[in-house]
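Q: I have a model open and would like to learn how to read its features. Could you walk me through them?

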Amino acid sequence: MTRLATYSADGQEFYGAVTDTGMIALSPDFPQWPTLYDAIRASGLQDLVTAAKDKPVTHSEFTYEMVLPNAPRILCVGVNFPDRNAEYKDGSTQPKYMSLFPRFASGFTGHDRPLIRPPENHTLDYEGEVAIVIGKTGRRIKAEDAYDHICALTLCNEGTIRDWVRHAKFNVTQGKNWDRSGSIGPWLVPFEKAEQLDEARIQTRVNGELRQDDYLKRMTFPIREEIAYISTFMTLQPGDIIVTGTPTGAGARFDPPRYLKPGDVVEIEVDGIGILRNGVEDEK
(Lines give C-alpha, C1' and ligand atoms only; values in the text may rest on other atoms or scores of the structure.)
Protein backbone atom coordinates (compact mmCIF):
# COMPACT_ATOMS: atom_id res chain seq x y z
CA MET A 1 0.00 0.00 0.00
CA THR A 2 1.47 3.32 -1.08
CA ARG A 3 1.23 6.08 1.52
CA LEU A 4 2.04 9.73 0.86
CA ALA A 5 2.48 12.22 3.69
CA THR A 6 3.48 15.76 4.55
CA TYR A 7 6.11 15.92 7.27
CA SER A 8 8.80 18.07 8.87
CA ALA A 9 12.45 17.15 9.33
CA ASP A 10 15.65 19.11 9.85
CA GLY A 11 13.69 22.34 10.14
CA GLN A 12 12.05 21.94 6.73
CA GLU A 13 8.69 20.72 5.44
CA PHE A 14 8.61 17.89 2.90
CA TYR A 15 6.18 15.54 1.29
CA GLY A 16 7.06 12.01 0.42
CA ALA A 17 6.37 8.30 0.72
CA VAL A 18 5.96 6.54 4.05
CA THR A 19 7.87 3.31 4.69
CA ASP A 20 8.21 1.12 7.75
CA THR A 21 11.67 2.57 8.42
CA GLY A 22 11.14 6.23 7.60
CA MET A 23 10.25 8.77 4.94
CA ILE A 24 11.34 9.00 1.33
CA ALA A 25 11.43 12.70 0.47
CA LEU A 26 9.85 13.33 -2.92
CA SER A 27 9.30 17.08 -2.86
CA PRO A 28 12.95 17.90 -3.75
CA ASP A 29 12.48 15.91 -6.98
CA PHE A 30 9.33 17.80 -7.97
CA PRO A 31 10.05 21.53 -7.52
CA GLN A 32 7.13 22.34 -9.82
CA TRP A 33 4.87 21.02 -7.04
CA PRO A 34 5.93 22.74 -3.81
CA THR A 35 3.31 20.88 -1.76
CA LEU A 36 1.34 17.67 -1.89
CA TYR A 37 -1.73 19.78 -2.61
CA ASP A 38 0.01 21.17 -5.71
CA ALA A 39 0.77 17.63 -6.86
CA ILE A 40 -2.91 16.71 -6.56
CA ARG A 41 -3.95 19.85 -8.43
CA ALA A 42 -1.64 18.74 -11.27
CA SER A 43 -2.92 15.11 -11.24
CA GLY A 44 0.53 14.05 -10.09
CA LEU A 45 -0.16 11.46 -7.38
CA GLN A 46 0.68 8.54 -9.63
CA ASP A 47 3.94 10.22 -10.62
CA LEU A 48 4.84 10.40 -6.92
CA VAL A 49 3.96 6.75 -6.39
CA THR A 50 6.16 5.76 -9.32
CA ALA A 51 9.03 7.98 -8.20
CA ALA A 52 9.04 6.42 -4.72
CA LYS A 53 9.79 2.92 -5.99
CA ASP A 54 13.25 1.68 -5.07
CA LYS A 55 14.29 5.03 -3.58
CA PRO A 56 16.08 4.96 -0.21
CA VAL A 57 14.73 6.38 3.01
CA THR A 58 15.87 9.99 3.47
CA HIS A 59 14.51 10.75 6.96
CA SER A 60 14.25 8.35 9.88
CA GLU A 61 13.37 11.15 12.31
CA PHE A 62 10.44 13.34 11.34
CA THR A 63 7.15 14.86 12.51
CA TYR A 64 3.87 14.37 10.70
CA GLU A 65 2.01 17.46 9.54
CA MET A 66 -1.64 17.76 8.59
CA VAL A 67 -1.56 15.86 5.32
CA LEU A 68 -2.72 18.77 3.13
CA PRO A 69 -1.89 21.78 5.31
CA ASN A 70 -2.69 24.30 2.57
CA ALA A 71 -5.97 22.77 1.42
CA PRO A 72 -8.28 25.78 0.95
CA ARG A 73 -11.60 23.92 0.94
CA ILE A 74 -12.63 21.34 3.53
CA LEU A 75 -16.31 20.45 3.68
CA CYS A 76 -17.78 18.22 6.39
CA VAL A 77 -20.95 16.12 6.38
CA GLY A 78 -22.78 15.94 9.70
CA VAL A 79 -25.31 13.54 11.27
CA ASN A 80 -24.65 10.86 8.67
CA PHE A 81 -24.99 7.44 10.32
CA PRO A 82 -28.08 5.57 11.55
CA ASP A 83 -29.08 6.67 15.07
CA ARG A 84 -26.93 9.82 14.88
CA ASN A 85 -30.00 12.03 14.55
CA ALA A 86 -31.55 10.32 17.59
CA GLU A 87 -28.40 11.10 19.60
CA TYR A 88 -29.40 14.76 19.56
CA LYS A 89 -32.59 13.97 21.52
CA ASP A 90 -34.41 16.94 19.99
CA GLY A 91 -37.39 15.02 18.62
CA SER A 92 -36.56 15.83 15.01
CA THR A 93 -37.04 13.37 12.17
CA GLN A 94 -34.22 12.18 9.94
CA PRO A 95 -33.41 15.12 7.63
CA LYS A 96 -34.17 14.92 3.93
CA TYR A 97 -30.90 16.57 2.99
CA MET A 98 -27.41 16.21 4.40
CA SER A 99 -25.96 18.74 6.85
CA LEU A 100 -22.80 20.50 5.66
CA PHE A 101 -20.34 22.91 7.24
CA PRO A 102 -16.85 24.21 6.40
CA ARG A 103 -13.63 23.61 8.26
CA PHE A 104 -10.29 25.25 7.66
CA ALA A 105 -6.83 23.73 7.59
CA SER A 106 -5.76 25.75 10.65
CA GLY A 107 -8.17 23.66 12.73
CA PHE A 108 -6.20 20.48 12.10
CA THR A 109 -2.87 19.03 13.14
CA GLY A 110 -1.01 15.89 12.06
CA HIS A 111 -0.72 12.30 13.24
CA ASP A 112 0.94 11.80 16.63
CA ARG A 113 0.55 15.52 17.40
CA PRO A 114 -1.64 16.71 20.28
CA LEU A 115 -5.16 18.00 19.86
CA ILE A 116 -5.32 21.34 21.64
CA ARG A 117 -7.96 22.05 24.29
CA PRO A 118 -8.48 25.83 24.59
CA PRO A 119 -8.79 27.65 27.90
CA GLU A 120 -12.12 29.22 26.94
CA ASN A 121 -13.99 25.90 26.97
CA HIS A 122 -13.18 22.29 27.85
CA THR A 123 -15.86 20.43 25.86
CA LEU A 124 -13.33 19.06 23.34
CA ASP A 125 -14.84 16.02 21.63
CA TYR A 126 -13.70 13.46 19.05
CA GLU A 127 -15.34 12.31 15.81
CA GLY A 128 -13.69 9.57 13.77
CA GLU A 129 -14.25 9.91 10.04
CA VAL A 130 -12.97 8.96 6.61
CA ALA A 131 -12.00 11.90 4.43
CA ILE A 132 -11.87 11.78 0.65
CA VAL A 133 -9.68 13.96 -1.54
CA ILE A 134 -11.02 15.08 -4.89
CA GLY A 135 -8.69 14.50 -7.82
CA LYS A 136 -10.84 15.46 -10.82
CA THR A 137 -12.86 18.61 -11.42
CA GLY A 138 -16.61 18.14 -11.65
CA ARG A 139 -19.94 19.93 -11.45
CA ARG A 140 -23.34 18.21 -11.14
CA ILE A 141 -21.59 14.85 -10.90
CA LYS A 142 -23.87 11.84 -11.11
CA ALA A 143 -23.74 9.52 -8.12
CA GLU A 144 -22.76 6.58 -10.30
CA ASP A 145 -19.75 8.56 -11.56
CA ALA A 146 -18.73 10.02 -8.21
CA TYR A 147 -15.90 7.64 -7.40
CA ASP A 148 -14.16 8.65 -10.63
CA HIS A 149 -13.53 12.03 -9.00
CA ILE A 150 -11.71 10.71 -5.89
CA CYS A 151 -7.92 10.46 -5.96
CA ALA A 152 -7.08 9.57 -2.35
CA LEU A 153 -8.37 8.66 1.10
CA THR A 154 -7.27 9.68 4.56
CA LEU A 155 -8.62 9.80 8.12
CA CYS A 156 -9.98 12.66 10.19
CA ASN A 157 -10.56 13.29 13.86
CA GLU A 158 -13.10 16.06 13.43
CA GLY A 159 -12.45 17.51 16.88
CA THR A 160 -15.17 19.82 18.15
CA ILE A 161 -15.67 22.26 21.00
CA ARG A 162 -19.25 21.22 21.72
CA ASP A 163 -20.45 24.22 23.69
CA TRP A 164 -19.41 26.54 20.87
CA VAL A 165 -21.51 24.76 18.24
CA ARG A 166 -24.53 25.95 20.26
CA HIS A 167 -23.62 29.64 20.16
CA ALA A 168 -25.92 30.40 17.24
CA LYS A 169 -29.10 29.03 15.72
CA PHE A 170 -28.06 28.25 12.17
CA ASN A 171 -24.41 27.22 12.18
CA VAL A 172 -21.72 25.20 13.94
CA THR A 173 -18.69 26.82 12.32
CA GLN A 174 -17.31 28.46 15.46
CA GLY A 175 -17.28 25.17 17.38
CA LYS A 176 -15.61 23.34 14.53
CA ASN A 177 -12.59 25.52 13.78
CA TRP A 178 -10.53 25.99 16.93
CA ASP A 179 -6.84 25.90 16.06
CA ARG A 180 -5.45 22.35 16.07
CA SER A 181 -8.61 20.93 17.65
CA GLY A 182 -8.77 18.12 15.08
CA SER A 183 -6.42 16.13 12.89
CA ILE A 184 -6.20 14.78 9.34
CA GLY A 185 -3.76 12.06 8.31
CA PRO A 186 -1.49 10.28 8.85
CA TRP A 187 -1.15 10.03 5.07
CA LEU A 188 -2.97 9.76 1.78
CA VAL A 189 -3.75 6.36 0.30
CA PRO A 190 -4.46 6.47 -3.45
CA PHE A 191 -8.06 5.52 -4.23
CA GLU A 192 -8.03 2.62 -6.67
CA LYS A 193 -11.18 0.56 -6.16
CA ALA A 194 -14.70 0.97 -4.77
CA GLU A 195 -14.11 -1.64 -2.05
CA GLN A 196 -11.79 0.77 -0.24
CA LEU A 197 -14.92 2.70 0.75
CA ASP A 198 -17.79 0.28 0.27
CA GLU A 199 -16.31 -2.34 2.61
CA ALA A 200 -14.60 0.02 5.06
CA ARG A 201 -15.14 -0.32 8.82
CA ILE A 202 -14.29 2.67 11.00
CA GLN A 203 -13.41 2.42 14.68
CA THR A 204 -12.52 5.09 17.24
CA ARG A 205 -10.79 4.29 20.51
CA VAL A 206 -10.12 6.58 23.46
CA ASN A 207 -7.39 5.32 25.78
CA GLY A 208 -7.89 1.88 24.22
CA GLU A 209 -11.66 1.82 24.82
CA LEU A 210 -13.76 1.31 21.68
CA ARG A 211 -16.18 4.24 21.40
CA GLN A 212 -17.22 4.24 17.73
CA ASP A 213 -17.60 1.22 15.45
CA ASP A 214 -19.50 1.15 12.16
CA TYR A 215 -19.32 0.53 8.42
CA LEU A 216 -19.33 3.23 5.76
CA LYS A 217 -21.93 1.30 3.77
CA ARG A 218 -24.43 2.15 6.54
CA MET A 219 -24.14 5.90 5.98
CA THR A 220 -27.44 7.74 5.67
CA PHE A 221 -26.00 9.72 2.78
CA PRO A 222 -23.40 7.50 1.04
CA ILE A 223 -20.21 9.06 -0.26
CA ARG A 224 -21.40 8.82 -3.86
CA GLU A 225 -24.44 10.90 -2.90
CA GLU A 226 -22.30 13.37 -0.96
CA ILE A 227 -20.23 14.09 -4.06
CA ALA A 228 -23.33 14.36 -6.25
CA TYR A 229 -25.11 16.72 -3.85
CA ILE A 230 -22.15 18.97 -3.10
CA SER A 231 -21.17 19.24 -6.76
CA THR A 232 -24.68 20.46 -7.56
CA PHE A 233 -24.00 23.84 -5.94
CA MET A 234 -20.20 24.09 -6.23
CA THR A 235 -17.62 22.88 -8.70
CA LEU A 236 -15.46 20.30 -6.95
CA GLN A 237 -11.78 20.79 -7.68
CA PRO A 238 -8.65 18.68 -7.17
CA GLY A 239 -7.43 19.03 -3.62
CA ASP A 240 -10.87 19.59 -2.10
CA ILE A 241 -11.43 17.49 1.02
CA ILE A 242 -14.80 16.04 2.02
CA VAL A 243 -15.01 14.70 5.59
CA THR A 244 -17.76 12.14 5.20
CA GLY A 245 -19.45 11.71 8.60
CA THR A 246 -18.96 10.07 12.01
CA PRO A 247 -20.75 7.10 13.63
CA THR A 248 -22.55 7.20 16.95
CA GLY A 249 -20.47 7.22 20.12
CA ALA A 250 -18.90 10.67 20.35
CA GLY A 251 -18.18 11.84 23.88
CA ALA A 252 -20.99 14.40 23.99
CA ARG A 253 -23.59 11.65 23.60
CA PHE A 254 -22.74 9.85 26.83
CA ASP A 255 -24.61 10.65 30.05
CA PRO A 256 -22.71 12.37 31.51
CA PRO A 257 -20.62 13.52 28.53
CA ARG A 258 -17.11 12.12 28.24
CA TYR A 259 -15.07 14.96 26.80
CA LEU A 260 -11.37 14.72 26.04
CA LYS A 261 -8.84 15.86 28.62
CA PRO A 262 -5.06 16.25 28.67
CA GLY A 263 -3.33 12.88 28.60
CA ASP A 264 -6.07 11.12 26.61
CA VAL A 265 -5.13 9.31 23.39
CA VAL A 266 -7.58 8.99 20.49
CA GLU A 267 -7.07 6.45 17.71
CA ILE A 268 -9.14 6.25 14.53
CA GLU A 269 -8.64 3.13 12.44
CA VAL A 270 -9.80 1.96 9.02
CA ASP A 271 -8.35 -1.15 7.41
CA GLY A 272 -6.64 -0.23 4.17
CA ILE A 273 -6.01 3.35 5.29
CA GLY A 274 -4.32 3.11 8.67
CA ILE A 275 -4.51 4.53 12.19
CA LEU A 276 -4.69 8.24 13.03
CA ARG A 277 -3.48 8.79 16.59
CA ASN A 278 -3.49 11.98 18.68
CA GLY A 279 -2.95 12.87 22.31
CA VAL A 280 -4.58 15.83 24.01
CA GLU A 281 -2.94 18.88 25.59
CA ASP A 282 -4.13 22.16 27.01
CA GLU A 283 -3.23 25.26 25.03
CA LYS A 284 -0.06 26.84 26.36
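Q: Which side chain makes a polar contact with that of His 111?
A: This is a predicted model, so keep in mind that side-chain atom pairs count only at pLDDT 80 or more. Here the partner is Asp 112, and the two side chains meet at 3.3 Å. The His 111 side chain also reaches a backbone atom, the nitrogen of Arg 277, at 3.1 Å.

Q: Where is His 111, and is it buried or exposed?
A: Look in the loop that runs between strand E7 (108-109) and strand E8 (115-117). His 111 counts as buried because its relative accessibility is 7%, and buried means under 20%. Leaving out residues up to four places away in sequence, His 111 touches Tyr 64, Pro 186, Ile 275, Leu 276, Arg 277 and Asn 278.

Q: How should I read the peptide bond between Gly 185 and Pro 186?
A: As a general idea, most peptide bonds are trans. The bond joining Gly 185 and Pro 186 is cis, with omega at about -5 degrees. Pro 186 sits in strand E13 (residues 182-190) and is among the residues touched by His 111. Another cis bond runs from Asp 255 to Pro 256, with omega near 0 degrees; Pro 256 belongs to the loop between E16 and E17.

Q: What about phi at Asp 54 and Asn 207?
A: The background is that most residues other than glycine have a negative phi. Asp 54 is not a glycine, yet its phi is positive, about 65 degrees. Asp 54 is in the loop between H2 and E4 and counts as exposed because its relative accessibility is 83%. Asn 207, also not a glycine, has a positive phi of about 55 degrees. Its loop lies between E14 and strand E15 (209-215), and at 48% relative accessibility Asn 207 counts as partly exposed.

Q: How many salt bridges does a search of the whole structure find?
A: The idea is that side chains of opposite charge can pair when their charged atoms come close. The search finds 21 salt bridges. One of the pairs is Arg 73 with Asp 240, whose closest N and O atoms are 2.8 Å apart. Arg 73 is in the loop between strand E4 (63-64) and strand E5 (74-78), and Asp 240 in the loop between helix H5 (223-233) and strand E16 (241-243), so the pair ties together parts 167 residues apart in sequence. Arg 73 is partly exposed at 27% relative accessible area, whereas Asp 240 is buried at 3%.

Q: What does the salt bridge between Arg 205 and Glu 267 tie together?
A: The closest N and O atoms of Arg 205 and Glu 267 are 3.4 Å apart. Arg 205 lies in strand E14 (residues 201-206) and Glu 267 in strand E17 (residues 265-270), so this pair links parts that are 62 residues apart in sequence. Arg 205 counts as buried at 16% relative accessibility, and Glu 267 is buried at 17%.

Q: Which residues are linked in a network of salt bridges?
A: They are Arg 103, Asp 125, Glu 127, Glu 158, Arg 162 and Lys 176.

Q: What lines the second largest pocket?
A: In general, rolling a probe the size of a water molecule over the atoms shows where empty space is left. This pocket has a volume of about 170 Å³. Its lining has six nonpolar, four polar and one charged residues, including Ile 40, Gln 46, Phe 191 and Glu 192. Helix H2 (45-52) and strand E11 (150-157) each supply at least two lining residues.

Definitions and conventions
Residues are numbered from 1 along each chain as its sequence is written. This is a predicted model: local features need pLDDT of at least 70, side-chain atom pairs count only at pLDDT 80 or more; totals for chains, interfaces and linings use all residues. Side-chain values use heavy atoms; hydrogens and water are left out. On a 1 Å grid over the protein atoms alone, a cavity is a set of points where a 1.4 Å probe fits but cannot get out, and a pocket is an open set with protein on both sides within 12 Å along at least five of seven lines; lining residues have an atom within 4 Å of a point. Grid points are joined across faces, edges and corners, and a volume is the space filled by probe spheres set on the points. Helices (H or I, at least four residues) and strands (E, at least two) are DSSP runs, numbered from the N terminus. Ala, Val, Leu, Ile, Met, Phe, Trp, Tyr, Cys and Pro count as nonpolar, Asp, Glu, Lys and Arg as charged, and the others, Gly among them, as polar. Buried means under 20% relative accessible area, exposed over 50%, partly exposed in between (1.4 Å probe, protein chains only). A polar contact is a pair of N or O atoms within 3.5 Å; within protein, one must be able to donate a hydrogen and the other to accept it, and residues adjacent in sequence count only if both atoms are side-chain atoms. Contact means heavy atoms within 4.5 Å. A salt bridge is a side-chain nitrogen of Lys or Arg within 4 Å of a carboxyl oxygen of Asp or Glu.
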